[in-house]
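Hi,

Here is the structure for your files. My notes follow below it.

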Amino acid sequence: MWAAYNVNVRDYLALAVILKRCLSLGATMAKSKFEYVRDFEADDTCLPHCWVVVRLDGRNFHRFADKHNFAKPNDSRALRLMTKCAQTVMEELEDIVIAYGQSDEYSFVFKRRSNWFKRRSSKFMTHVASQFASSYVFYWRDYFEDQPLLYPPGFDGRVVLYPTNQTLKDYLSWRQADCHINNLYNTVFWVLIQQSGLTPVQAQERLQGTLAADKNEILFSEFNINYNNEPLMYRKGTVLIWQKVGEVMTKEVKLPAEMEGKKKAVTRTRTTPVPFHCDIIGDAFWKEHPAVLDEDS
Ligand SMILES: [Mg+2]
């Protein structure tokens, strides 16, 4: 009896000592002498009320496109994969109201009033870049069934703040104008190589100093191509905005009893990032989708 009691007291004391050590260790960990290194972290809070734009760009994608046999001048699989990744970013992260992509780049616009991660620039940028890059690898096979992914792609990111709706619209217009300029050039450049047998250097020389009208003329008179009939995805890039869509899904039916276990098609609405290949430089798009720039959205 006594022996048992003594053991219990000893156990209790040992436990108390361990508990005390844990608590004091916790206290020293919370306030160690190394704590001051925190002060070296730079404040990278994005200015309040500004639109936060994160733009990603594929690292060395000229080489990546060559190694993976991308079609020239545009590979629709690659563009659709980029958009799938951007949709995943919008679904997984918070507060992205619109995204715009072309070629190997995508821009994501966070709400003016977003307080995600206390508006820390590095958090916005790294979350977008890592989610996008992992999605690119994850969904690769859905778009390139016969083309194995030979090495892991990378994306750089940057954060830019735009203080007004106008500067944000001008930013997006700038990217879409860039898409147009590059795509027109690339369309003529590759048709000269693929259909006229020019070398890349010869095609480049042929296009030196030409204006948009000259390029359109070459396409039309020499190759019977009306540039305006080229796919919108290539000419305009891709805009992603949130839209309500009806989704048909099958659901287990509860009642009546004789129907139990049977599946039934049910339609419900869901908000999802929907791609558009339209002009965003003019006012029409913004008038049609006023919610995108709504201050309180
Ligand atoms: Mg690039």
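Helices (H or I, at least four residues) and strands (E, at least two) are DSSP runs, numbered from the N terminus. This is a predicted model: local features need pLDDT of at least 70, side-chain atom pairs count only at pLDDT 80 or more, and totals for chains, interfaces and linings use all residues. Residues are numbered from 1 along each chain as its sequence is written, and side-chain values use heavy atoms, with hydrogens and water left out.

Metal site first. The magnesium ion has protein donors Asp57 (OD), Gly58 (O) and Asp104 (OD), at 2.2 to 2.5 Å. Their spacing in sequence is D-G-x45-D. Donors here are N, O and S atoms within 2.8 Å of the metal (3.2 Å for Na, K and Ca); water is not among the atoms, so sites may look incomplete.

Next, accessibility. Buried means under 20% relative accessible area, exposed over 50%, partly exposed in between (1.4 Å probe, protein chains only). Gly58 is buried at 7%. Asp57 is partly exposed at 23%.

Now the backbone. Most residues other than glycine have a negative phi, and most peptide bonds are trans. The Lys72 to Pro73 peptide bond is cis, with omega near 0 degrees. Pro73 sits in the loop between α2 (61-67) and α3 (76-92).

Two positive phi values to check:
- His49 has phi near 70 degrees. It lies in the loop between α1 (2-30) and β1 (51-58), and is partly exposed at 44%.
- Lys118 has phi of about 50 degrees. It lies in the loop between β3 (105-110) and α4 (121-143), and is exposed at 65%.

Best wishes
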